[in-house]
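I am keeping short notes on what I look up in this structure.

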Amino acid sequence: MQKVLVSIALITLLAGCSGFPGVYKIDVQQGNVVTQEMVDQLRPGMTRSQVRYVLGTPLLTDTFHANRWDYVYTLQEGKGDYDRQTLTVLFENDKLVAVRGDYRPGAAN
């Protein structure tokens with residue numbers, strides 16, 4: 001009888017930890033939300049403050065590469081799908097010179 005009770009307890013515990021249908025898992029969003037419309041507003045020669053106004057504060061600023069800002073957005077959906085979008089802006093003499101990543105200025109046109 002004791003073995004049966006222990007087995008039932010273990011099965012119940014394992015069922016709570018697994019991905020059985022009906023178990024709700026939340027979507028987890030992290031980072032900077034950047035849209036194509038925001039990137040379309042970027043122009044070469046913009047100052048750092050103008051870029052920050054358009055895109056927001058960058059998620060990553062590299063101490064060793066002060067002229068590079070990285071904007072990263074990840075979405076882990078509860079059903080298991082994973083999406084990652086990145087945008088890197090490069091400055092020279094405190095002016096915007098390049099945009100790299102998943103978005104391109106003017107790509108929506």
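I call a residue buried under 20% relative accessible area, exposed over 50%, and partly exposed in between (1.4 Å probe, protein chains only). By that rule Asp-81 is partly exposed, because its relative accessibility is 42%.

I note that this is a predicted model, in which local features need pLDDT of at least 70, side-chain atom pairs count only at pLDDT 80 or more, and totals for chains, interfaces and linings use all residues. Residues are numbered from 1 along each chain as its sequence is written, and side-chain values use heavy atoms, with hydrogens and water left out.

Entry on salt bridges. I take a salt bridge to be a side-chain nitrogen of Lys or Arg within 4 Å of a carboxyl oxygen of Asp or Glu. With this rule I get a count of four. Asp-81 pairs with Lys-79, with 3.8 Å between the closest N and O atoms. Lys-79 also meets Glu-77, at 3.7 Å from N to O.

Which residue does Arg-48 meet in a salt bridge? I find Asp-94, at 2.6 Å from N to O. This pair links distant parts of the chain, 46 residues apart: Arg-48 is in helix 3 (residues 48-55), and Asp-94 is in the loop between strand 4 (82-92) and strand 5 (95-101). For helices I use DSSP runs of H or I with at least four residues, and for strands runs of E with at least two, numbered from the N terminus. Arg-48 is buried at 18%, while Asp-94 is partly exposed at 43%.

Entry on the core. A nonpolar core is a set of buried Ala, Val, Leu, Ile, Met, Phe, Trp, Tyr and Cys residues joined through side-chain atoms within 4.5 Å. The largest one has 16 residues, and Leu-42, Val-51 and Tyr-71 are among those with the most contacts inside it. Helix 2 (36-40), helix 3, strand 3, strand 4 and strand 5 each supply at least two of the core residues. I count a contact when heavy atoms lie within 4.5 Å. Leaving out residues up to four places away in sequence, Val-51 touches several residues, including Leu-42, Trp-69, Tyr-71 and Leu-96.

Last entry. Thr-74 sits in strand 3 (residues 68-76). Is Thr-74 buried or exposed? I put it down as buried, because its relative accessibility is 13%.
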